[in-house]
Amino acid sequence: MTITAVDFPLERTPLDPKQLGSPDWWVKQLHGRVVAKRPTLNLLHRYSVGDAPLMDLPADARDAFIDFQRRARPHFAGLSGEGMLGRMEVAGVRTGAEGDALGDSEAWDMWQANQLDADAPALHRASLAMGEAFVIVGDIDDEIEAPLITIEDPRNIAIARDGQRRRRIDKALKVFVDEWTGNEHAYLYERGFDGYPATVRRAEITKGSRSAGWRWIGEADSLPFSQPPIVWFPNRLDIDGRTCWGEFQQDRDVLDRINTTILQRLVITAMQAFRQKMLTGLPLKDENGAEINYDGMFP
């Protein structure tokens, strides 16, 4: 099943104060964060794959000019990430456990079983381009006989962290849409306290019934650990501990200026190569006396 990132409408339903801190409350709060950050991440992803926004054009000239304009976009944004990616190859795993001769090899077997040699670059590429990425560690998978480790699109996940330990995640929400059914799914992870295990709850919105809100599926499942099994990979983390930046995110003005300058040069070249002609003395009215509209005849 392929999971795709889509834009969810931001929910602004008033909340009963009695719900504060409840699973329903956390779903709404974290879902709001997913919706709020998605436009920025979508834009950064466009830059990273060579699809930087084009200049605004008059409606009557847009179709004729758009292919020409695409040629003015060098892929510097993608190169800034790929240059870093080439130096981020994982060569081995060190568990750090003393007196455990098999720990490193077992961890490496888990890495290989999840095909992370092939998939880890996608994780790093997302972090470099959009400023963050995530991994979720699941239970033992019968097929690979190892914990299932999946890389996650940051446009689908929001986290709430511990107030003192920025790397410790208290709550996390993953949302996605099943491309085959159109149903929206949500997984809410909560850290366990006072010796209790972490839990995961599943909610769903059937296609076409968004107004009904999230519907919980079953009860909360206990996890075999105390913390949510989500690992956060921030890039260029700010001093506030929560803001992270893509490699080229703060240089978008420079990238846009380069694209605009190249486009202007291409336009000058094309105008000189294909001299423009003009017509004078055209009739203002047709044979029936109706005014002739020349707009759109010469895009």
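Okay, let's start with Asp170, which is buried, with a relative accessible area of 14%. Buried here means under 20% relative accessible area, exposed means over 50%, and partly exposed is in between, using a 1.4 Å probe and protein chains only. Before going on, a word on the model: it's predicted, so local features need pLDDT of at least 70 and side-chain atom pairs count only at pLDDT 80 or more, while totals for chains, interfaces and linings use all residues. Residues are numbered from 1 along each chain as its sequence is written, and side-chain values use heavy atoms, with hydrogens and water left out.

So what does Asp170 pair with in a salt bridge? With Arg191: their side chains meet at 2.6 Å, N to O. By salt bridge I mean a side-chain nitrogen of Lys or Arg within 4 Å of a carboxyl oxygen of Asp or Glu. This pair links distant parts of the chain, with Asp170 in strand β5 (169-178) and Arg191 in the loop between β6 (184-190) and β7 (199-205), 21 residues apart. Helices (H or I, at least four residues) and strands (E, at least two) are DSSP runs, numbered from the N terminus. Arg191 has 11% relative accessibility, so it counts as buried.

Next one along: the side chains of Arg201 and Glu190 form a salt bridge at 3.2 Å, N to O. Arg201 is in strand β7 and Glu190 in strand β6, so this pair ties together parts that are 11 residues apart in sequence. Glu190 is buried at 8% relative accessible area, whereas Arg201, at 27%, is partly exposed.

Altogether the structure holds 14 salt bridges. As a reminder, side chains of opposite charge can pair when their charged atoms come close.

Arg73 and Asp51 meet through their side chains in a salt bridge, 3.2 Å from N to O. Here too the pair links distant parts of the chain: Asp51 is in the loop between α1 (23-48) and α2 (59-70), Arg73 in the loop between α2 and α3 (76-85), and they are 22 residues apart. Arg73 counts as buried at 16% relative accessibility, and Asp51 as partly exposed at 27%.

Both Arg73 and Asp51 line the largest cavity. On a 1 Å grid over the protein atoms alone, a cavity is a set of points where a 1.4 Å probe fits but cannot get out; a pocket is an open set with protein on both sides within 12 Å along at least five of seven lines; and lining residues have an atom within 4 Å of a point. Grid points are joined across faces, edges and corners, and a volume is the space filled by probe spheres set on the points. The structure holds 1 cavity of 30 Å³ or more, and about 80 Å³ of space lies in the largest cavity. Which element gives the most to its lining? That's α6, with 3 residues. By class, the lining divides into 7 nonpolar, 3 polar and 2 charged residues. Ala, Val, Leu, Ile, Met, Phe, Trp, Tyr, Cys and Pro count as nonpolar, Asp, Glu, Lys and Arg as charged, and the others, Gly among them, as polar.

The largest pocket has a volume of about 870 Å³. It's lined by 35 residues, and Ile136, Leu148, Thr150, Glu152 and Lys174 lie nearest its centre. Two or more lining residues each come from α5, β2 (132-141), β3 (146-152), β5, β6, β7 and β8 (215-222).

Of its 19 lining residues, Lys37, Glu132, Arg242, Thr243 and Cys244 are the closest to the centre. The largest share of that lining, 6 residues, comes from α1.

Last stop, helix α4 (103-113). Its buried residues are Gly103, Ala107 and Trp111. Seen down the helix axis, they fall within an arc of 80°, so they line one face of α4; that arc is taken from the directions from the helix axis to the C-beta atoms. What covers them includes α5 (116-130), where contact means heavy atoms within 4.5 Å. And after α4 comes Gln115, with a positive phi near 55°.
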